[in-house]
Amino acid sequence: MTFLRKLLQKRGGLLLKVAGGLILGGIVLGGGGLIYCGIMSHTARELPKPGGPYAIGRTVFDWVDQARTETFAHKPGIKRELMVWVWYPAQSGASKEAASYLPSTWAQA
């Protein structure tokens, strides 16, 4: 008899219980993780209010490359577009109202 066969004969029930427990534990933990991820992906998050000692300005550029079409566009013929946000140091006290983190259409998505 081989070593493995002898081991299974002596402790086969224990090994089966341990293996079953490990498999069941993995299923429970995996299922719990999936449920947690599902809940967290649908939970609204609120960003903190902007603050700090320095004034920061932001400008937005919407660049369109007229020479290239977008490969993955939902309609053929749409030109490649790139939205760029640039943050820069601003003069203190020269601020208008605080800007939102995201454009309203992005925040609603």
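**Salt bridges in their setting**

Author: Start with the contacts of the whole chain. Among those between residues at least 6 apart in sequence, 45% join residues at least 24 apart. Keep in mind that this is a predicted model.

The protein chain has two helices and two strands. Along the sequence they follow the pattern α-β-β-α. Buried residues account for 3% of the 109 residues. The accessible surface of the chain comes to about 10,200 Å². Carbon and sulfur atoms hold 64% of that surface.

Now the salt bridges. How many does a search of the whole structure find? The search finds two.

Take the pair Asp65 and Arg68. Their closest N and O atoms are 4.0 Å apart. The cut-off for a salt bridge is a nitrogen-to-oxygen distance within 4 Å. Is Asp65 buried, partly exposed or exposed? Asp65 has a relative accessible area of 30%, so it is partly exposed. Arg68 has a relative accessible area of 43% and is therefore partly exposed too.

The other pair is Glu70 and Arg80. Here the closest N and O atoms are 3.5 Å apart. This pair links distant parts of the chain. Glu70 sits in the loop between β1 (56-69) and β2 (79-89). Arg80 belongs to strand β2.

Glu70 shows 27% relative accessibility, so it counts as partly exposed. Arg80 has a relative accessible area of 25%, which means partly exposed again. The reasoning needs one range: buried means under 20%, exposed means over 50%, and partly exposed lies in between.

Finally, look at a nonpolar feature of the surface. Which residues form the nonpolar patch? They are Leu47, Val60, Met83, Tyr101, Leu102 and Trp106. Together they have about 560 Å² of accessible area. One of them, Trp106, lies in helix α2, which spans residues 104-108. Trp106 has 40% relative accessibility, so it counts as partly exposed.

To recap the charged pairs: Asp65 bridges to Arg68, and Glu70 bridges to Arg80.

How values were computed:
Residues are numbered from 1 along each chain as its sequence is written. This is a predicted model: local features need pLDDT of at least 70, side-chain atom pairs count only at pLDDT 80 or more; totals for chains, interfaces and linings use all residues. Side-chain values use heavy atoms; hydrogens and water are left out. Patches are made of residues with over 30% relative accessible area and no salt bridge: like charges are joined within 9 Å, nonpolar side chains (Val, Leu, Ile, Met, Phe, Trp, Tyr) within 5 Å. Accessible areas come from the Shrake-Rupley method with a 1.4 Å probe; for residues, only the protein chains shown count as cover. A salt bridge is a side-chain nitrogen of Lys or Arg within 4 Å of a carboxyl oxygen of Asp or Glu. Helices (H or I, at least four residues) and strands (E, at least two) are DSSP runs, numbered from the N terminus. Buried means under 20% relative accessible area, exposed over 50%, partly exposed in between (1.4 Å probe, protein chains only). Contact means heavy atoms within 4.5 Å.
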